[in-house]
Amino acid sequence: MKSFNGRVAAITGAASGMGRALALALAREGCHLALADKNSQGLEQTEALIKTSTLAPVLITTQVLDVSDRQAMLDWAARCVAEHGQVNLVFNNAGVALSSTVEGVDYADLEWIVGINFWGVVHGTKAFLPYLKASGDGHIVNTSSVFGLFAQPGMSGYNATKFAVRGFTESLRQELDMQRCGVSATCVHPGGIRTDICRSSRIDANMTGFLIHSEQQARADFEKLFITDADQAAKVILQGVRKNKRRVLIGRDAYFLDLLARCLPAAYQALVVFASQRMAPKARTPVFETNDEPRL
């Protein structure tokens with residue numbers, strides 16, 4: 001797919017971050033948009049930004065949606081085709097983060113992150129794939145993460161979902177290549193992108209004293225890792241679609257960690273443990289007060 005003009009793109013997580021940036025970039029190229037997110041106010045802001053910054057006359061529809069709800073995704077896909085006539089591009093972009101130890105993580109939190117990060121991608125792929133095939137020229141873009149290539153302590157739930165998205169999408173791409181149906185797929189692995197994911201993430205209390213000093217400090221440190229802006233990320237993703245890439249890395253941090261995992265596929269874990277221990281809160285030596293006078 002070399003041009004997006006006149007095409008129709010469905011984007012989840014469109015209320016902010018990469019989803020919003022993708023919507024704006026596609027609209028500037030004359031692509032019609034079906035936008036979804038749980039955040040209705042954010043969706044309205046995205047639509048308003050597109051209308052005020054884009055001269056191209058594009059059709060925009062919005063849907064407040066929970067991507068973990070299978071039936072809601074199926075209904076949205078059918079609605080998109082009814083409203084736009086077809087769908088050519090699907091960006092399964094919605095995602096959340098969770099920080100917790102494996103031992104201490106709550107099952108409800110695991111179900112929450114798996115429902116959005118993994119099942120959201122599965123639902124979006126399966127709901128739209130028949131319509132993409134019917135269009136004769138389609139592309140599925142699933143957002144994994146650099147942590148779908150590289151694991152770290154305290155992020156087991158997030159790592160699990162992003163590794164799952166990677167495996168799911170790579171298998172999907174191979175099937176589509178074999179079928180020669182006019183549809184392709186790309187897996188995206190962003191590094192630190194300046195989005196709202198930090199504010200929507202969940203940090204379990206068991207992380208305090210283990211890997212972080214406090215939740216507030218952890219969120220502040222997390223945001224310092226966001227070195228690539230969402231507009232640049234959207235540009236790289238759309239270039240990847242044009243080139244029909246199987247995998248798209250975003251940010252120099254993503255390239256570095258991918259290289260590290262490739263060169264040291266098992267040994268990198270020891271390096272991560274060493275670095276994590278260096279940055280983890282240090283146990284303070286207790287100070288005992290005494291009223292004794294110093295001896296000369």
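What follows is a short exchange about helix packing and nonpolar cores in this predicted model.

Q: Why is α4 called roughly parallel to α5?
A: The axes of α4 (residues 107–135) and α5 (residues 156–179) meet at an angle of about 15 degrees and lie 8 Å apart. Angles under 35 degrees count as roughly parallel, so that is the label for α4 and α5.

Q: What is the hand of the crossing where α4 passes α5?
A: The crossing is right-handed.

Q: Which residues make the contact between α4 and α5?
A: From α4 they include L110, I113, V114 and F118, and from α5 they include Y158, V165, F168 and L172. By class, this contact has 13 nonpolar, five polar and two charged residues.

Q: How many residues does the largest nonpolar core have, and which have the most contacts inside it?
A: This core has 42 residues, and W76, V87, F128 and F150 have the most contacts inside it. Elements that each supply at least two residues include β1 (8–12), α3 (70–84) and β7 (183–190). The largest share, seven residues, comes from α4.

Q: What does V87 touch, leaving out residues up to four places away in sequence?
A: V87 touches V8, A10, C80, V81, F128, Y131, L132 and S135. Contact here means heavy atoms within 4.5 Å.

Q: Which residues are among those of the other core, and how many does that core have?
A: A14, M18, A21 and A234 are among its 32 residues, and this core lies apart from the largest one.

How values were computed: Residues numbered from 1 in each chain as written. Predicted model: local features only at pLDDT ≥ 70, side-chain atom pairs only at ≥ 80, totals over all residues. Heavy atoms only, no water. Axes fitted to C-alpha atoms, helices over the stretch in contact; angles between N-to-C directions. Helix = DSSP H or I, 4+ residues; strand = E, 2+ residues; numbered from the N terminus. Parallel < 35°, antiparallel > 145°, perpendicular 65-115°, else oblique. Left-handed = near helix turned anticlockwise from the far one by under 90°. Nonpolar A, V, L, I, M, F, W, Y, C, P; charged D, E, K, R; others polar. Core = buried A, V, L, I, M, F, W, Y, C linked by side-chain atoms within 4.5 Å. Buried < 20%, exposed > 50% of the residue type's maximum accessible area, 1.4 Å probe, protein only.
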